[in-house]
Amino acid sequence: MTRRILARYGTALAGVGLFAIFAVTSPVFLTPDNIALILKETAFLGILAIGFTLALVTAEIDLSVAEVASLAAVVTGALVHGGTDPWIAIAAGLAVGTLCGAANGVAVTVLNVPSLIATLGVAAIAKGLSFMLTQGVAFVGRWPASFTGLARGTLLGVPNLIWWLAGIGFAAWLLVKWTRLGAHLVATGEADEAARLAGIRTRSMKRLALTLAGACAGLTAVLLASSLSSAAPAMANDHFLYAIAAVLLGMSMFEPGRPNIPGTLFAAFTLKVLGNGLVLLGAEYYWQDIILGTIILLSVALSATGTGKAPFVKKLNVRR
Amino acid sequence: MTPLVEMSDIHLAFGGIKAVDGASLDLHEGEVVGLLGHNGAGKSTLIKVLSGAYRADSGDIRVRGEPAHIHSPRDARRYGIETIYQTLALADNLDAAANIFLGRELLTAWGTLDDAAMEAATRQVMGRLNPHFRRFKEPVRALSGGQRQSVAIARAIHFDARILIMDEPTAALGPAETRQVGELVKQLKAQGIGIFLISHDIHDVFDLADRISVMKNGRLVGTARVADITKDEALGMIILGKCPPGAIPGPGAMN
Ligand SMILES: Nc1ncnc2c1ncn2[C@@H]1O[C@H](COP(=O)(O)OP(=O)(O)OP(=O)(O)O)[C@@H](O)[C@H]1O
Ligand SMILES: [Mg+2]
């Protein structure tokens, strides 16, 4: 019984412990401003990671989310900067993300390129395109409030970013946990062949999941550009390792061995707490990468050996 | 009377291997047809063409006399064809209910998954097959071979199948459960369901089947009513490809 609780909530409890430690050791950590800052940072990371989670639910890995987000941000930024109606710019950013996701989906399910390679290819193309569009310089400016308000505004006293995260998180959770489509996504990831024999369109499921991952990257991009009033190539790259770490760490909670939305969200928050706390305690920036890398390794080790044997680990041909 | 299923001159090769080489089968309502043959004879491959898992290179399938277009497991289900695969084809990390309703989940009035209804139905259908089964909440990976087999059978019979394919359904079962599956086959047959039964146990097949078809090297040796041949003659068909007088020879019969 205790073992079971520990398996399900162990890493989540560790996250709570971390929070408590920073709360005690840093005088600034628990101030409302700092908590709001952490939550806003969690929003970018969380939405990006939710996309990654959806792809991973179907046992596909999307390494392109950050580059795709950067490209979508650049496209949105270029349009807003050029004076286009913000709504058109927003739609364009979302469309770019979604199209890149669909391209991943087609590469994986039609051209039969393994997602690890296909998404790396799309990432490189997205990176190239974003440098082509900007010629290496950033779009910065005083952008209309109708655009910047998207991320910077508040609703009922709560920052919009947090609403976005909550909304997308809830929608994704509903999709995966409570709809037939979600059940088919999960079955596709858990047992591709069994799902196919049960009449599930597994290829469409994978295509859909990768497309949604792209759409989430697009939304992250729009929110980033709106929040920063700028857009530059590679601007979402800092979130890349964080997103992967959040999803993999999230797999160690709530539903061990399975990518799950609550796990991803809680892990994203925990990682941002960690990053924030480390900065407050004066740790050098490079410690973040070292710690993220360690978390990624340990989380996958846990998924590969622990209670649940994650299908994507099997798929990557890890021998056990 | 028009047969429930007619498969004619089915060919399917994997690379150079002719797994099924011009085989034909038929099945009537309320009939059990046993499909026999050595390992690698092509039995599973042939029935997978009917269940939509594989697409034949050539050949022709009719259901109730009408040409049937079966290009995927989904299509097969639409014709009322249910399959218990030899490999069971379960999603290991999901529980019994999720496996039974895989691809056909029950929904509430809100359009959300109805876990309660699916679990209740699972208890009911599993109660019929394996009354001692209690591990409803666990992933099927944790179940015994026999329990997994019950789940696979439950999945096939829960949805009013008209045509049931059972590929070695008792391979992992003990004597008691095997008898239960035998009873089940008789029950389903009495309801007018047509059943293809693949088994290596010739005694079981003679007990349950009305007719047998024997395959060898992807070809049909022959088809016979069990009343018209002896078990020894059936073994002769399987081992030597020799077709006895009581059987209708196929293209794979030794002359
Ligand atoms: N997916 C596949 N790819 C390549 N060859 C295959 C595949 N499936 C079956 N075969 C080959 O086709 C032939 C027929 O196999 P099949 O599984 O239909 O035999 P079977 O009669 O069901 O045997 P068993 O009694 O062992 O289940 C064999 O030679 C087998 O190696
Ligand atoms: Mg077989």
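Reading the terms in a predicted model

Tutor: A:Ala234 has its place in the loop between β4 (230-231) and α11 (238-250) of chain A, where helices are DSSP runs of H or I with at least four residues, strands are runs of E with at least two, and both are numbered from the N terminus. This is a predicted model, in which local features need pLDDT of at least 70 and side-chain atom pairs count only at pLDDT 80 or more, while totals for chains, interfaces and linings use all residues. Residues are numbered from 1 along each chain as its sequence is written, and chains are lettered from A and ligands numbered from 1 in the order in which they are written.

Student: Why is A:Ala234 called partly exposed?

Tutor: A residue is buried if 20 or more other C-beta atoms, placed from the backbone, lie within 10 Å of its own, exposed if 12 or fewer, and partly exposed in between. A:Ala234 has 18 such atoms within 10 Å, and is therefore partly exposed.

Student: What makes A:Phe254 partly exposed?

Tutor: With 19 other C-beta atoms within 10 Å, A:Phe254 is therefore partly exposed as well; A:Phe254 lies in the loop between α11 and α12 (261-280) of chain A, and has a positive phi of about 65° although it is not a glycine.

Student: How many residues of domain 1 of chain B are in contact with domain 2 of chain B?

Tutor: Contact requires C-beta atoms, placed from the backbone, to lie within 7 Å, and 12 residues of domain 1 of chain B are in contact with 9 residues of domain 2 of chain B. Helix α6 (residues 175-190) of chain B gives the most to that side of domain 1, with 5 residues. The domain bounds come from an automatic or database domain assignment.

How values were computed:
Two residues are in contact if their C-beta atoms, placed from the backbone, lie within 7 Å.
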